[in-house]
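Have a look at the structure first, then read on.

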Amino acid sequence: MIKINIKDRNGNNHEIDADTDYTLMEVLRDKGFDIEASCGGCCACATCHVYLCDNWLSKIKPIDDDEEAMLDQAFNVKKNSRLSCQIELSDELDGLNIEIAQE
Amino acid sequence: MIEKTDVVIVGAGPVGLFAVFELGLLNINSHLIDNLDKVGGQCAELYPEKPIYDIPARSVVTGQELTDELLKQISPFKPKFHLNQQVESIKKIENGWLIETNIGKVIESKCIVIAAGAGSFVPRKLPIDNINDLENNNVFYSIRNKSKFDNKKILIAGGGDSALDWTNELSKNAEVTLIHRRKEFKAAPDSVSKMFELEKQGKINFLKGQIKNINKSSDMDEVIVSYDEDGITKDIKVNYILPFFGLKMELGPIANWGLNLNENLIKVDTEKFETSVSSIFAIGDINSYPGKLKLILSGFHEAALMAQECFKYCYPDKKNIFRYTTSSKELQKKLGV
């Protein structure tokens, strides 16, 4: 179990407990956050777009070409943009800090 | 002209396709309507090449293979497809429904089966406040008549095939600028190299950036587009903007049909998969009931049970005796085997 800090689309902050071995998208959806994830997590849409805050971007597995290409369909893409379906939660990500991007 | 059939299936994804099979075995004809230009729904549009591992008896199958196999399986029943259109309205008539699409096609049927997944695929709109006012004036998500753009200043946004193909095509007669957030493109390598060639020849402009705002210009025909290039906001004046950011799914007009909904899903019973309105059914990802799992295999099960109930609407005087395709000569005749 790890803790994740989430800023939702309305700017509210939440701290949640999350099981590892799921993707970040799966956990966000399960906890009822407003995230569409329309392809179900196979990196075929860009509707689970999040920003990684603080230094977390450097601590997770780097983005691959597929994910980078899918981000082309997202708006307001920043240097710390990722698709949450491609982030696998592990103990190393305890304290992860993210913001859900606007649709 | 009004076409007639027994059942109209809204959505030609895997579950809508399999519904044709289950209905067909019971002598019920169907037409399918889909907003995409192809059948297969999400399987064909979002992940044609991606593997699916949880279809019974298929250890692995891609979205496109599943679609192709389903088409083959239902071909004996000769379903009619109405693609590139979405159902706009439905009207109750005696013993059935009149279904009208957004391009004016009207179909009469005894039942309606909604197999619309997460909704219709529609272009993903730019997330700016005044986008609805600009749409179809300065902003277009699809191109019906390209001569409209002749000798105009066009801004095309995106990095996929649509963006690149239209950049290359419209550059023949228009002043085209392509804007994309990076210098790499997802589009086919041929179109990408053609675009860079056109840029080198000065026939198009390329901007690395993302659109932030669109404002009306004092010149009525033009709009001012603000875009972000590596943290710096810049402006460009154009006549038209063509954003190509792929498709998203929306429930669309189904929300106005008077069905009981639960967070954009249609409530059904688990015996017949009928909605709160009799003779309208909902199967697959679009429906909601206790314990629902959004799996293709659940949708197949729902299609089979739905068909049993549709039979009562289509053949009110007949009794339906349950049979297997393995043993029934009558069913095998229908399948042409």
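## Chain B at a glance

Chain B has 8 helices and 23 strands, where helices (H or I, at least four residues) and strands (E, at least two) are DSSP runs numbered from the N terminus. Its C-alpha trace spans about 70 × 40 × 40 Å along the principal axes. The domain assignment gives domain 1 (2-122 + 248-335) and domain 2 (125-245), with bounds taken from an automatic or database assignment. Over C-alpha atoms, the centres of domain 1 and domain 2 of chain B are 38 Å apart.

A bit of housekeeping: this is a predicted model, with pLDDT of at least 70 needed for local features and 80 or more for side-chain atom pairs, while totals for chains, interfaces and linings use all residues. Residues are numbered from 1 along each chain as its sequence is written, and chains are lettered from A and ligands numbered from 1 in the order in which they are written.

## The cores

Of the 337 residues in chain B, 40% are buried (20 or more other C-beta atoms within 10 Å of the residue's own; exposed means 12 or fewer, partly exposed is in between, and C-beta atoms are placed from the backbone). A nonpolar core is a set of buried Ala, Val, Leu, Ile, Met, Phe, Trp, Tyr and Cys residues joined through C-beta atoms within 7 Å. The largest one has 49 residues, and B:Val10, B:Ala19 and B:Val113 are among those with the most contacts inside it. Apart from it lies another core of 30 residues, including B:Phe149 and B:Ile204.

## Helix H7 and its partners

Helix H7(B), residues 296-314, reaches 26 Å from its first C-alpha to its last, close to the 27 Å expected (1.5 Å times one less than its number of residues). Its buried residues include B:Phe300, B:Met306 and B:Cys310. The buried residues of H7(B) pack against strands S2, S10 and S22 and helix H1 of chain B, with contact meaning C-beta atoms, placed from the backbone, within 7 Å.

H1(B) and H7(B) pack at about 35 degrees, axes 8 Å apart; axes are lines fitted to C-alpha atoms, for helices over the stretch in contact, and angles run from 0 to 180 degrees between N-to-C directions.

## A stop in chain A

A:Gly41 sits in the loop between helix H1 (24-30) and strand S3 (49-52) of chain A. A:Gly41 counts as partly exposed because 18 other C-beta atoms lie within 10 Å. Leaving out residues up to four places away in sequence, A:Gly41 touches A:Thr23, A:Met25, A:Glu26 and A:Cys85.

Key: Contact = placed C-beta atoms within 7 Å.
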